[in-house]
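Let me put the model up, and then I'll walk you through a few parts of it.

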Amino acid sequence: MTASTTEFGRPQADQKTVPRSRIGVPRLPVSIWLSGLVVLFFAIAAIDPSLLSTHSAFETDLLNTLSPPSVGHLLGTDDIGRDLYSRIVWGTRQSLLIGLGAMAVALFGALVLGFTAALGPKWIAGPLHRLLEILLPFPILLLALLFVALLGPSATSLLISVGIGTTAGYARLIRAQALKVRKSGYVEAALALGHSERTIFRQHIAPNAFRPLVALVTLGIGQSVVWASGLSFLGLGVAPPSPEWGALLEAGKASITVAWWLEIFPGIAIVLVALSFTQIGRYVQDRSEGNLQ
Amino acid sequence: MNKSFKEIAQASLALTVTALSVAFATPGAFAADAGDAGQRINGGTITYVHEQEPPCLWGGWVQQAYLSRQVFDYLVSYDNGKIRPWLATDWSESPDRKTITFHLRKDVVFTDGDKFNADAVLANYPVWVKGIGWHSFTYMTGFTKLDAYTVALHLSEPNPEIYNVLANGHYGFQSPDSIAHNTPEQKCLAPVGTGPWKVQKWTRGEGITFLRNDKYDWAPPNAHHNGPAYAAQLDWKFVPDATTRWGALLSGEADVAYQPPSVQWKNAQRQFQTLSFVATGRPQALSFNVARGPFTDQRVRQAFVYAIDRKRIVAAVFKGTAPYEGNGSLSRSTPLYLNVDDDYPYDVAKANTLLDAAGWTGRDAQGYRTKDGKILDARLPFNQAIIDPEGAVALQVIQDQVKAVGIKLDVIPLTQTQGFAGADSQPADKEISFGYWVWPSPNILDIVYNDKLNGFPNGNNLSFFSNAKIEAQIMDAQREPDPKLRFQKFAVLQKWFDDQAIAVGVYDFTYNVAISKKLKGLWQDKGNGLLNFYDAYFVKG
């Protein structure tokens, strides 16, 4: 399957559909199926955790502290007897919301900055481009410290700092795509046909510049979850007793030699989400670039 | 043959005597601790990893006393209930017990060369008044010079525990020259004392390097040796995370680690040497806001306490590193302490009955109690420099347990900066406070329940309690000359505060350290638990 082009070189959405089996199930790689299942599980956990959890995320049981995984507590209990499986399930919403929220912040900023840097007047586009180059290597950790100092440690601080920290990369990509599309034959043809700049931007430049971002955004959600968890682990994010995954890792680290499950299972949850979104993102990317045969 | 045997015997005896003489003439030649094994190494660098980094080396916070104790010396030393001489050789009290005359040592020199004498004592007093916010609760009003090496300390009230206070790490002496000429930053980061160590460098966020005071020769009698410290250098590192401190000790990067994670305490006792000290003063206690809000009602306060299983919480969270403490006013190591551990046993039914009786009979959708449309909601902000992560975990259990009786508890963590800047400290900001107050005297009651400090609202009074009659009773107990009657009066007061549930204890603030087996002689002062690195030394092997 290859990407096709129409007259004037305008890329066209691949007309070929995903192959299906005899019973109508899409023929996707196993890794994509598995990733989809993981995302589905955590999506349900985020939407309605009570469907999947076995206990309350906050209910303590002092007679059952640091219990290893068992039938009663699938992933064991923490230092005050809270069920770890249920805490991971209940923590999904916050972890994913931070990931998605950070991506939303990054995307909004990237669209405004990227298109302005590409299509805006020179006096603003030039300095903006330089600003993006300066922001690109700026460490997210420093931004997080700044926002935690201003807003206090919270999900909002995490969301803003991770979102702003990743904006520059996406903005540069949008700028490059917008510049490429602007010089393409179909845009020149549209100009020759007398279409207004606004129409050309809305119908040609924006959709075509944005398309490669769909895959990157999917990849970025996983990365944002990892970033947010990392910052919570460092104490810059959500505070206990929140079951946010990074906070779970932070709370369990003192007990790692006597209760391995407190670090391993939240770690696995983070890795699974990051890997799943990465797999799906790559698949979408390969399909959009026509690399899949 | 007999002659030669005699010659050999004489030579052996002479050698033995010489060896013993050399050994005893060498400073610090005595064993530092009974039962200490191994051959001592003079010199070396002790690395200690501690949790909190205070703003200055000296001040009114106990975390500052831990540091000051290394650099300063004190008039007297507190030795397991006995007061021993230190910079003062002896003292006497006036008949009204409000004047104490101290005779000072004449051979003490500050590390900048200044001499310690009566003028030095007088020069330090204004520094104490200015630098220690709670100074007035010592009832000291000033010193007068009687001669070059004699001073009289004046008190506004008799204070039998004034010696404990003078020994507790806050009332050390700085050189008059440094007080007069050093910059505020120098006085904050590297004050000049007479102690066994002097500050070489304080790197913010990392630690302090102390160098041995080679001229030191005035250790208190309860020290294990006299003369300079055994080790040449003390590296005091600030490592806020308990797991990292524990890791540093395990890897050998540190020789002593403060507050290892509770879950590792049994390992620490197996693999290392350990020291523990229950701090005097007030334990980690819940103080209810009795000035406004739902806890003005005694029944609601008592219901809150009945709803929490304090003994089990402490056992589960601290795993033996800190004892349960029922008394919210005095910790078990404080003089004249009253044990009320069995009051307010865990009793959810009783808590519910009390809340019903107080009129909190409605319930919202989440099960929280309501009254006149208001939720029974309590805010509990806490300073993370005062309450460590394990204390915060204990608060999470309390939050869960009071939810079972319909009380909504909001636990709000504050950073060290926020906490010390006074965030959430007013009566309108909170319904419950949680924290300790290290103090070696039963007049801690005056500190934590007096509504005024120097004419202003007393920031140490976390329950915003104000009762002139009770305050008069506290001062009456403080002034009581008969020790038995004094104990009874303080016991009545402790029981009253407990019955009223104005403040209830949860656990005692305990200073635990784990020590590498290659380091011997380290000990804790019995007033504040201050570590004395002066006597610590490395052994071979």
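Some housekeeping before that. This is a predicted model, so to speak of local features we need pLDDT of at least 70, and side-chain atom pairs count only at pLDDT 80 or more, while totals for chains, interfaces and linings use all residues. Residues are numbered from 1 along each chain as its sequence is written, and chains are lettered from A and ligands numbered from 1 in the order in which they are written.

Along the principal axes, the C-alpha atoms of chain B fill a box of roughly 105 × 55 × 45 Å. Of its 541 residues, 49% count as buried. Buried here is 20 or more other C-beta atoms within 10 Å of the residue's own, exposed is 12 or fewer, and partly exposed is in between, with C-beta atoms placed from the backbone.

Now the sheet. Four strands of chain B make an open sheet in the order S5-S6-S8-S7, with antiparallel pairing. To pair, two strands need at least two DSSP bridges between them. What sits at the edges? Strand S5 (88-93) and strand S7 (140-147) of chain B, each pairing on one side only. From one strand to the next, the twist averages 25 degrees.

Going through it, S5(B) and strand S6 (residues 99-104) of chain B are joined by five bridges, and B:Ala88 has B:Leu104 as its bridge partner in S6(B). S6(B) and S8(B) also pair over five bridges, with B:Ile100 partnered by B:Leu153. S7(B) and S8(B) have six bridges and form a hairpin with two residues between them.

Lying across S6, S7 and strand S8 (150-155) of chain B is helix H3 (residues 118-131), at about 160 degrees to S7(B). Axes are lines fitted to C-alpha atoms, for helices over the stretch in contact, and angles run from 0 to 180 degrees between N-to-C directions.

On to helix H16 (residues 483-499) of chain B. Its buried residues include B:Phe490, B:Leu493 and B:Phe497. The buried residues of H16(B) pack against helix H14 (444-449), helix H15 (468-479) and strand S23 (503-507) of chain B.

Is B:Asp79 buried or partly exposed? Partly exposed, because B:Asp79 has 16 C-beta neighbours inside 10 Å. Its C-alpha is 7.4 Å from that of B:Asp525, 446 residues apart along the chain.

Last, the interface: 14 residues of chain A are in contact with 15 of chain B, contact being C-beta atoms, placed from the backbone, within 7 Å.

That's my tour, thanks.

Conventions
Contact = placed C-beta atoms within 7 Å.
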